[in-house]
Amino acid sequence: MTTRNGRKAPLTVGIDVGGTNIRASVVDGSGEVLDTVQAPTPHAARALEDGLARAVRELRSRHEIGAVGLAVAGFVDETRSSVRFAPHLPWEDSAVADRLTQRLGLPVILEHDANAAMWAEYRFGAAAGAHNGVLVAIGTGIGAALLVDGRLYRGSYGVAPELGHLQVVPQGRACPCGKRGCWERYCSGTALVDTAIEMLATDPMRSTILAREVFADPGSLTGRKVAGAAHDGDPVALQVMADFARWLGLGLAFVGDIFDPDLIVIAGGVSSSAALFLDDAREHYAAAVTGARHRPLARIRTTQLGEAAGMIGAAELARAALNPPASTTHRESTGVDNGPSTPRATAATAERSGRVTGGQREVERSGRATGEQREVEQPGGATGGQREVEQPGRATVEQREVERSGRATGAQRDAAAVSEGPGRVAGGQRDAVAVGEGSGRRADGRGEDAEEGIGSETDDREARSAGRSRAQRGGVKASQPQANSGKVTRAQANGGAGRGAGNSGGRGPGARTGTRRR
């Protein structure tokens, strides 16, 4: 198999680090297991890492290996480099991947064992083609993994989803996690034993196979033996499996209500006995899920890759992390929704989500205006207030206030004219700004004669003086609150610069012969 860039996909090693055994396999790019070694799991951290290193070196002696992935039954941090806690392994807040990388000279990643199995099923097995899927691995307890839009979802800190510890029975059976009534206490290999013992205590004479097993050695009963007795027709064992099916269906209904997946994969050791419970569990699920008659229900399948799924998934995730395609993001290439290279959303991601536009980022980085703003601010251009009016779709404070009252000022009418011709400035606006700033600049509205250069210098001064007086009076009136009167002043109706001041709409005898372009 070749990668997207045309190179041959490297072989990788996937290791299932269990509480009893270490199983390491060489896996190719099509998910095929080429070689496997197995050894007992040491109970000390140093010894365990020594065992892992030996297994990898043995496989490297026969194959060219590119990377290593470890599937761990425990909390793996969001960077997939440290084990926060593993109940059956001697690691706690331990940087396992970094130490093994140094020892082996190969890239090493960690993954929760259920996530690894989910990824293997998605790439090569029962979940192929699924969009949103859930894997429920039923063994001693319940492990779970969640696939959202084709990517593993691991939560903010790498520990999601812990479905096995959802409480289904308040004050129910005690759980090693410290809570009571967790789902896995009623739906797991351990639960099969607990339920069988409770039923035998009530009516021991109903069973032959289980009764003999328990009376001979109470501690010898296992979930596998309960399933075997059910295969052989033991009535208590069959009742135990029926109870198991009910709890599985109810738990899957919770999963359906929360995640609404299109596919649920049942994995783990207990899945090998699916013929005894899966059909009944589907019926309980369909009866309990909310709105079952008005929605499509998730397909419920068993694993296709079996016990090798964790190793295959870990190897595939290690391969993806080793050679991520250049055109994809970290999570697209590795199947992980929050890897170490993307701790925060990038600018491009924020822009796609509607949070920050490209123009906003340009302003935030440099403090400079966007191209549209710079065009308005060319020499001889409008003031800040005018630029705000001229930006399409944006309103000034005055416009917003008047919009609430339902009346329009002359400045708004000027703004409407401006919006019809980008780059135009209302004459009334320029007059009001020139006078209001008190900068000594001449108001542009000077009457027809002054505009055309006709008349004496005295007439010109008088026209300018009258224009300023009217504009100042208009500015004072315009600043008075309108809430009580509900009226628009004459100065406002003329754009805040008096009737004689020209405006872009060509209204009144003092209208300019044309608007100024920047």
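Me: How is a pair of helices read: at what angle do the axes of helix α1 and helix α2 cross?
Reply: Bear in mind that this is a predicted model. A helix pair is described by the approach of the two axes and by the angle between them. Here α1 (residues 45-60) and α2 (residues 96-104) have axes that come within 11 Å and cross at roughly 45°. Because angles from 65 to 115 degrees count as roughly perpendicular and those under 35 as roughly parallel, α1 is oblique to α2. The crossing of α1 past α2 is right-handed.

Me: Which residues make the contact of α1 with α2?
Reply: On α1 they are Arg46, Glu49, Asp50, Leu52, Ala53, Val56, Arg57 and Arg60. On α2 they are Val96, Arg99, Leu100, Arg103 and Leu104. By residue class, this contact has 6 nonpolar, no polar and 7 charged members.

Me: Now the other pair. How do the axes of α3 and α9 cross?
Reply: The axes of α3 (residues 113-124) and α9 (residues 309-322) come within 7 Å and cross at roughly 80°. Therefore α3 is roughly perpendicular to α9. Asp113, Ala116, Ala117, Trp119, Ala120, Glu121, Arg123 and Phe124 form the α3 side of the contact. The α9 side consists of Ala309, Gly310, Ile312, Gly313, Ala314, Glu316 and Leu317. These residues divide into 9 nonpolar, 2 polar and 4 charged.

Me: How much of the chain counts as buried?
Reply: Of its 518 residues, 45% do. The chain has 20 helices and 13 strands. For contacts between residues at least 6 apart in sequence, 60% join residues at least 24 apart.

Me: How is a nonpolar core read, and which residues of the largest one touch the most other members?
Reply: The general idea is that in soluble globular proteins nonpolar side chains tend to be buried together. In this chain the largest nonpolar core has 45 residues, and Val136, Trp183, Leu210, Leu248, Leu252, Ile266 and Phe277 touch the most other members. Elements giving two or more residues to this core include the strands β9 (133-138), β10 (142-148) and β12 (263-267), and the helices α4 (189-202), α5 (209-216), α6 (223-231), α7 (235-259) and α8 (278-288). The largest share, 11 residues, comes from α7. Another core lies apart from this one, with 29 residues, among them Ala24, Ile65, Leu70 and Val76.

Me: What is Val136 in contact with, beyond its neighbours within four places in sequence?
Reply: The partners of Val136 are Ile142, Gly143, Trp183, Leu252, Ile264, Val265, Ile266 and Ala267.

Me: Where is Leu146, and what is it in contact with?
Reply: Leu146 is in strand β10 and, at 6% relative accessibility, counts as buried. With neighbours within four places left aside, Leu146 is in contact with Gly133, Val134, Arg151, Leu152, Tyr153, Pro161 and Phe259. Leu146 and Trp119 are 27 residues apart in sequence and 9.6 Å apart, C-alpha to C-alpha.

Me: Pro161 is among those partners. Is the peptide bond from Ala160 to Pro161 cis or trans?
Reply: The omega angle settles this. For Ala160 to Pro161 omega is near -10°, and the bond is cis. Pro161 sits in the loop between β11 (151-153) and α4.

Me: Which residues have a positive phi although they are not glycines?
Reply: Arg80 is one of them, with phi of about 60°. Asp260 is another case, with phi of about 50°. Arg80 is in the loop between β5 (75-76) and β6 (83-85), while Asp260 is in the loop between α7 and β12.

Terms used:
Residues are numbered from 1 along each chain as its sequence is written. This is a predicted model: local features need pLDDT of at least 70, side-chain atom pairs count only at pLDDT 80 or more; totals for chains, interfaces and linings use all residues. Side-chain values use heavy atoms; hydrogens and water are left out. Axes are lines fitted to C-alpha atoms, for helices over the stretch in contact, and angles run from 0 to 180 degrees between N-to-C directions. Helices (H or I, at least four residues) and strands (E, at least two) are DSSP runs, numbered from the N terminus. Angles under 35 degrees count as roughly parallel, over 145 as roughly antiparallel, 65 to 115 as roughly perpendicular and the rest as oblique. A crossing is left-handed if the near helix is turned anticlockwise from the far one by less than a right angle, and right-handed if clockwise. Contact means heavy atoms within 4.5 Å. Ala, Val, Leu, Ile, Met, Phe, Trp, Tyr, Cys and Pro count as nonpolar, Asp, Glu, Lys and Arg as charged, and the others, Gly among them, as polar. A nonpolar core is a set of buried Ala, Val, Leu, Ile, Met, Phe, Trp, Tyr and Cys residues joined through side-chain atoms within 4.5 Å. Buried means under 20% relative accessible area, exposed over 50%, partly exposed in between (1.4 Å probe, protein chains only).
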